Amino acid sequence: MEEKTARGRKWKPALSIVLCLAAAISGCVSGRPGPLLPAAGCASPEAALHALVRKAPPQGTLKAIAAIQVATPTGAYPLKLAVLLRRPASMRVEAIPVLGPPNFYLAIHEDRLKVLLPDKNEFYAGRATRENIAMFLPLRIDVESLVSLLMGIPPAVAEKDPQREASMEEGSCRIDIRVGASRFQSLRVRLADGLLEGIDIYNGGERPLYRVRYEDPIQSGEFATPRKIVIVSEEDRTTLTIRYTEVEWSDEEDKTAFDLKVPPGVKEGAFP
């Protein structure tokens with residue numbers, strides 16, 4: 001079979017954005033808990049964080065149809081995707097064209113990124129690094145954080161001994177997560193119902209890398225899944241507006257759903 005290298009290839013903007021959901025997420029979106037904070041408000045950031053983690057589905061898989069609008073300084077691109085997400089780092093994305101079968105498939109599982117482009121008869125595979133994901137997604141972010149954000153769950157903070165500071169902010173409890181003087185996350189939890197309404201991701205500084213906002217939650221049993229997610233990359237001046245329909249949660253663990261097989265006769269290439 002013919003070998004090709006993905007690095008350096010000029011990807012079309014539409015395909016770049018597709019992974020954005022990749023999410024798909026990503027993904028697909030959030031398993032979000034119901035009321036988390038007492039009416040008194042922001043007294044215990046640790047309790048609020050514990051409730052967010054405890055009530056999030058530990059092994060649940062989220063399936064949804066995602067209508068995405070990507071806005072960049074050079075233009076805007078609409079996408080419609082079928083997404084499948086499962087923590088900690090599994091996702092599958094399929095583009096839904098106006099007519100005909102899907103023309104883009106992306107899957108990430110066990111640190112492997114696979115992409116199938118049926119219209120071009122091409123298949124690529126390699127490590128799910130930030131750089132490789134960024135070939136399709138305009139957000140340079142690791143897959144674990146992406147899946148969590150698309151599921152409405154705060155990503156894990158890898159640094160040791162993080163400190164949490166809580167403050168009131170216009171009807172919300174803001175929880176800043178720091179290590180020393182370096183900030184890594186800011187969470188906003190609504191006092192009225194305890195829902196997570198936003199996450200800002202930092203890289204140790206005071207300027208956020210990404211701002212994530214959750215809106216229009218729908219109740220699914222004990223969870224509230226946001227049907228609208230807005231992700232803003234301050235550095236890239238890119239905004240992703242994701243709207244979900246046909247949201248489904250499943251406890252079944254089907255690893256094959258996050259895999260892509262090489263179809264016979266396609267041209268194979270490798271990500272670095």
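Colleague: Is D259 buried, exposed or partly exposed?

Modeller: D259 counts as partly exposed, at 23% relative accessibility. Here buried means under 20% relative accessible area, exposed means over 50%, and partly exposed lies in between (1.4 Å probe, protein chains only). This is a predicted model, in which local features need pLDDT of at least 70 and side-chain atom pairs count only at pLDDT 80 or more, while totals for chains, interfaces and linings use all residues. Residues are numbered from 1 along each chain as its sequence is written, and side-chain values use heavy atoms, leaving out hydrogens and water.

Colleague: Which side chain meets that of D259 in a salt bridge?

Modeller: Look for a side-chain nitrogen of Lys or Arg within 4 Å of a carboxyl oxygen of Asp or Glu; that is a salt bridge. For D259 the partner is K114, at 2.7 Å from N to O. D259 sits in the loop between β14 and β15, and K114 in strand β6 (residues 112–117), so this pair ties together parts 145 residues apart in sequence. Strands are DSSP runs of E, at least two residues long, numbered from the N terminus.

Colleague: How many salt bridges does a search of the whole structure find?

Modeller: The search finds 17. Among them, R183 and D176 meet at 3.4 Å, N to O, and both of these residues are buried. Another pairs E215 with R213 at 2.4 Å, N to O. E215 is partly exposed, with a relative accessible area of 27%, and R213 is partly exposed too, at 37%. Shared partners also join E165, E169, R174, D176, R178, R183 and E206 into one salt-bridge network.

Colleague: Which residues form a negative surface patch?

Modeller: Patch residues have over 30% relative accessible area and no salt bridge, with like charges joined within 9 Å. In this model D251, E252, E253 and D254 form the negative patch. E252 lies in the loop between β14 (238–250) and β15 (267–270), and E252 is exposed, at 63% relative accessible area.

Note on methods
Patches are made of residues with over 30% relative accessible area and no salt bridge: like charges are joined within 9 Å, nonpolar side chains (Val, Leu, Ile, Met, Phe, Trp, Tyr) within 5 Å. Accessible areas come from the Shrake-Rupley method with a 1.4 Å probe; for residues, only the protein chains shown count as cover. Lys and Arg count as positive and Asp and Glu as negative; His and the chain ends are not counted. The place of a charge is taken as NZ of Lys, CZ of Arg, CG of Asp or CD of Glu. Helices (H or I, at least four residues) and strands (E, at least two) are DSSP runs, numbered from the N terminus.
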